[in-house]
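Here are my notes on the model you sent over.

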Amino acid sequence: SVFHAMRDPTSKGILHVLQAVDRSAGEVAERLPLALSTLSGHFNMLKRADLVLTERRGTTSVYSLNLFTFDDAVSALMELFGVGRGERSNENENLVEK
């Protein structure tokens with residue numbers, strides 16, 4: 001899931017490295033203290049969560065953030081907590097009171 005992947009410290013590190021520019025796995029590994037074999041599992045988790053996109057450039061896979069997924073996740077959290085609305089619905093207030 002998106003939130004599970006974002007909670008993992010290594011995956012968060014990968015996402016942080018990719019926030020500024022698309023990078024190959026080797027370029028990510030240069031910035032994190034992990035072996036490529038370790039990163040591979042994390043890249044797979046991030047791809048399954050649709051947080052990272054992969055593009056083949058010759059023999060190299062280049063990874064980039066899937067900003068649409070982040071936007072959807074943020075929107076879902078904002079809706080869940082009533083952020084951006086004038087008032088929370090009575091249903092949400094009743095749940096908090098219980």
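1. Ground rules. This is a predicted model, so local features need pLDDT of at least 70 and side-chain atom pairs count only at pLDDT 80 or more, while totals for chains, interfaces and linings use all residues. Residues are numbered from 1 along each chain as its sequence is written, and side-chain values use heavy atoms, with hydrogens and water left out.

2. The aromatic pair. The count here comes to 1 aromatic pair (Phe, Tyr and Trp rings, the six-membered one for Trp, with centres within 6.5 Å; planes under 30 degrees apart are stacked, over 60 edge-to-face, the rest tilted). Phenylalanine 43 and tyrosine 63 make up that pair, stacked at 3.9 Å centre to centre with 15° between the planes. Phenylalanine 43 sits in helix H4 and tyrosine 63 in strand E3 (residues 60–65), so the contact ties together parts 20 residues apart in sequence. Helices (H or I, at least four residues) and strands (E, at least two) are DSSP runs, numbered from the N terminus.

3. Strand E3. What does E3 pair with? E2 pairs with E3 in the antiparallel sense over 6 bridges, and E1 (residues 23–24) is joined to E3 by 2 bridges, also antiparallel; strands pair if DSSP finds at least two bridges between them. Within E3, tyrosine 63 is the bridge partner of arginine 23, and serine 61 is that of arginine 56. Because 5 of its 6 residues are buried, E3 is largely enclosed by the rest of the structure.

4. Two positive phi values. E2 and E3 form a hairpin with 2 residues between them, and glycine 58 in that turn has a positive phi of about 70°. Take a look at aspartate 50 too: its phi is positive, about 65°, although it is not a glycine. Most residues other than glycine have a negative phi. Aspartate 50 lies in the loop between helix H4 (36–48) and strand E2 (52–57), and it is partly exposed at 37% relative accessible area.

5. Salt bridges. How many salt bridges does the structure hold? There are 2 (a Lys or Arg side-chain nitrogen within 4 Å of an Asp or Glu carboxyl oxygen). In one, glutamate 30 and arginine 31 have their closest N and O atoms 3.8 Å apart; glutamate 30 is exposed at 66%, whereas arginine 31 is partly exposed at 43%. Arginine 57 bridges to glutamate 55 at 3.4 Å. Arginine 57 is partly exposed at 43%, and glutamate 55 is partly exposed at 43%.

Notes
Buried < 20%, exposed > 50% of the residue type's maximum accessible area, 1.4 Å probe, protein only.
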